[in-house]
There are 2 protein chains.
Amino acid sequence: MRIMVLRLGHRLPRDERVTTHVCLTSRAFGAEGVIYSGQKDNSLEASVKRISDNWGGKFSIDYEAKPIARIEKMKKDGWAVAHLTMYGMPLPEKVGEIAGKGRILVVVGAEKVPAEVYQLADFNIAIGNQPHSEIAALAITLDRLQGGKELERAFQSNFGGASISLEPAEKGKKIRKA
Amino acid sequence: MRIMVLRLGHRLPRDERVTTHVCLTSRAFGAEGVIYSGQKDNSLEASVKRISDNWGGKFSIDYEAKPIARIEKMKKDGWAVAHLTMYGMPLPEKVGEIAGKGRILVVVGAEKVPAEVYQLADFNIAIGNQPHSEIAALAITLDRLQGGKELERAFQSNFGGASISLEPAEKGKKIRKA
């Protein structure tokens, strides 16, 4: 399974930290990269690249000025599009079908998502039908799609080439430096 | 099972949106309330109360100037403390034991968490040993503790007295107003 994340409508300075959380959650839970639209943000890109360099593995961040065209192109290339929205269908009712796709583009919006996205999406998916957080919705979706394997110790081997890594600890911190 | 969330070290304006996401995620996924420490934030409290009033159910938000003393008091009152940190033990290895507790206080930090919290915690729990997001960590923890029931349609009946609610939709938005 390949997973990419598209973050729509990044706004500065308002979304600085939330989009950073979207990127780091994507990376930590096994997506191969993030595409973001809205305002171009060099500081965001540098920050995500710095963390990927230090903590290992491969993870891409890529700006897209025309997200609708990008979604259309990725659909043509065989990606299934799962748009996360509190208006959508409950995740447990759809997760099996989505996980059956080989390539999944998970789309998360900021304040207002264009109506075209709902139409283009193969799946409009709710992680509960209550207002909460696109970060929370993304995390649970990635967890469910992968059957929880991204939380296992063994998954940390995906983050090869790290200059820093952690050993799980009951109390305190066990830090390994390369 | 009763779940409360403690958000440590709220800073203004830096954490405004992230702490809001922590609160809304807690509410949407079945915690009964949030306690937050750091800087008092009337706007945060008003925003969370407004959403709870509109979207139904019961959810509390409460400021605590002395979070360490509060953790100690809650432990005496029988709450098990699960501190979420990338330095901790993998969630899948501990979730059964934590879920066996009747009352669970889930603690999420901001930038730097005092060493005392690691010591006071009954469980230091990692949602993956990579840097990501306390919102993501909280969401997955609440999901796993409750066996996913908070994502089911039936769970929405917990949000009684709402003036607005949603009907799951394949495309677009189905909004009900009371």
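Is A:Tyr118 buried, exposed or partly exposed, and how many other C-beta atoms lie within 10 Å? A:Tyr118 turns out to be partly exposed, because 18 other C-beta atoms lie within 10 Å, and a residue needs 20 or more to count as buried. Keep in mind while browsing these views that this is a predicted model.

**View 1. A:Tyr118 and its surroundings.** Here we look at A:Tyr118, which sits in helix α5 of chain A, a helix covering residues 115–120. Leaving aside residues up to four places away in sequence, A:Tyr118 touches A:His83 and A:Asn124, and also B:Lys171 and B:Gly172 from chain B.

**View 2. Chain A, element by element.** Chain A has 6 helices and 8 strands. Chain A is as compact as a globular protein of its length, because its radius of gyration of 16 Å is close to the 16 Å that the globule rule gives for 178 residues. Along the principal axes, the C-alpha atoms fill a box of roughly 45 × 35 × 30 Å. As for the inside, 46% of the 178 residues of chain A count as buried. Take the contacts in chain A between residues at least 6 apart in sequence, and 79% of them join residues at least 24 apart.

**View 3. The side of chain B that touches chain A.** Where the two chains meet, 46 residues of chain B are in contact with 46 residues of chain A. Several elements of chain B each supply at least two residues to this side, among them α2 (42–55), β4 (80–90) and α5 (115–120). The biggest giver is α1(B), with 6 residues. Sorted by class, this side of chain B has 25 nonpolar, 13 polar and 8 charged residues.

**View 4. Helices α4(B) and α6(B) packed together.** Zoom in on chain B and you'll see α4(B) and α6(B) pack at an angle of about 55 degrees, their axes 10 Å apart. That angle is why α4(B) counts as oblique to α6(B). Their crossing is right-handed. From α4(B), the contact uses B:Leu91, B:Val95, B:Ile98 and B:Ala99, while α6(B) brings B:Ile140, B:Thr141, B:Arg144 and B:Leu145. Those contact residues divide into 6 nonpolar, 1 polar and 1 charged.

Key:
Residues are numbered from 1 along each chain as its sequence is written. Chains are lettered from A and ligands numbered from 1 in the order in which they are written. This is a predicted model: local features need pLDDT of at least 70, side-chain atom pairs count only at pLDDT 80 or more; totals for chains, interfaces and linings use all residues. Helices (H or I, at least four residues) and strands (E, at least two) are DSSP runs, numbered from the N terminus. The radius of gyration is taken over C-alpha atoms; the globule rule is 2.2 Å times the number of residues to the power 0.38. A residue is buried if 20 or more other C-beta atoms lie within 10 Å of its own, exposed if 12 or fewer, and partly exposed in between; C-beta atoms are placed from the backbone. Two residues are in contact if their C-beta atoms, placed from the backbone, lie within 7 Å. Ala, Val, Leu, Ile, Met, Phe, Trp, Tyr, Cys and Pro count as nonpolar, Asp, Glu, Lys and Arg as charged, and the others, Gly among them, as polar. Axes are lines fitted to C-alpha atoms, for helices over the stretch in contact, and angles run from 0 to 180 degrees between N-to-C directions. Angles under 35 degrees count as roughly parallel, over 145 as roughly antiparallel, 65 to 115 as roughly perpendicular and the rest as oblique. A crossing is left-handed if the near helix is turned anticlockwise from the far one by less than a right angle, and right-handed if clockwise.
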